Amino acid sequence: MTVGDKAQFSKTVSEADIYTYAGLTGDFNAIHVNEKAAKEGIFGERVAHGMLSAGFISAVIGMQLPGNGAVCISQTLDFKHPVKIGDTVTATCEVTEAINEEKGIFRLHTFCENQLGICVIDGKAVIKDTSQNHNNRLSEEKKQAKGTFFREDELPLLGLKKYGRNVLISRNACIYHPDQLEIGNNVRIDDYVTISGKVVLGDYIHIAQFCSLYGGTKGIYMDDFSGLSSKVTVYATSNDYSGHSLTNPTVPLKYKSSDTNESVHLCKHVVVGAMSVILPGVVVGEGSSIGSMSLCLKSLEPWGIYAGIPAERKKERSRDLLELEKQLRQIKSYF
């Protein structure tokens, strides 16, 4: 079942139908079964039980939409017009909302009209589809969704503040506060990456497995062509470990007044080696690279190769990659 699906059932209501329904339910109200009394009543003649027509809605749900295996969870009915003997009633059900598609729970608009197009019943129903067809379809969808990364049509469901084209985000990534995450074009975020707080990613960025980015309120900014190798941790926020304040996120802010909150900026073409740590307030200048297992306590100048604890400049980094960037940007299909 999908939103927009629709099914109908029609039946001409006979005198026999009314007597059968009265016998089954015990509802022998005179307006249904006593012609003389009914003529003196509000409708001037005998009319069908309202729930008899409502039963046609049940027929649609139980036999067609979704059919065998349907369970009605709740239903509302507004009786608009009487159904008389000889009227042809058409019950229509239309799926208007997938409340929980995985569990097969949907909302339907349900209504009945007579042969003149007059609405005799209007209402809604919430149903559960337990049919084998639904289970088979879910199984097939899960097979298609088993890829490592979210499909393009799934990205809007993540609630990201902004994202561009060709964005790959692992299903195993953990994103806290997705409304604070901005992503450019051609970005890949791998398995088991944790992103928390304000983070802004430019174009052509790769964040490898097990990286952690804690942007806090000030933010982590990664410019175009920057990247993090596996298990890199970047902090734009940090507790005070001197003992002058309490620590950890379960403690109210007023007891952590000496926390550090400063933005971190990885400029264009910055790459960071595996298991390195970058602390709040650090700006890594354009084109610089940081060797694995390094600790960045302070800002680093552009176009250097840095390594160590603390990270120190070892030598110059080549700028040949700028020509390669120029060539890449000339390929319009990438943008």
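These questions and answers walk through a predicted model.

User: How are residues numbered, and which pLDDT do local features need?
Analyst: Residues are numbered from 1 along each chain as its sequence is written. In this predicted model, side-chain atom pairs count only at pLDDT 80 or more, totals for chains, interfaces and linings use all residues, and local features need pLDDT of at least 70.

User: Which residues of helix α1 are buried?
Analyst: Helices are DSSP runs of H or I with at least four residues, numbered from the N terminus, and α1 covers residues 15–25. Buried means under 20% relative accessible area (1.4 Å probe, protein chains only), and in α1 this holds for D17, I18, Y21 and A22.

User: Why do the buried residues of α1 line one face of the helix?
Analyst: An α-helix has 3.6 residues a turn, so residues three or four places apart point the same way. The arc is taken from the directions from the helix axis to the C-beta atoms. Seen down the axis of α1, the buried residues line one face because they fall within an arc of 130 degrees.

User: Which strands are the edges of the open sheet of eight strands?
Analyst: Strands are DSSP runs of E with at least two residues, and two of them pair if DSSP finds at least two bridges between them. The sheet has mixed pairing and runs in the order β6-β9-β12-β15-β20-β23-β25-β26. Pairing on one side only marks the edge strands, β6 (167–169) and β26 (312–316).

User: What is the bridge partner of I169 in β9?
Analyst: Strand β9 (residues 187–189) and β6 pair in the parallel sense over three bridges. In β9, the partner of I169 is I189.

How values were computed
Side-chain values use heavy atoms; hydrogens and water are left out. Buried means under 20% relative accessible area, exposed over 50%, partly exposed in between (1.4 Å probe, protein chains only).
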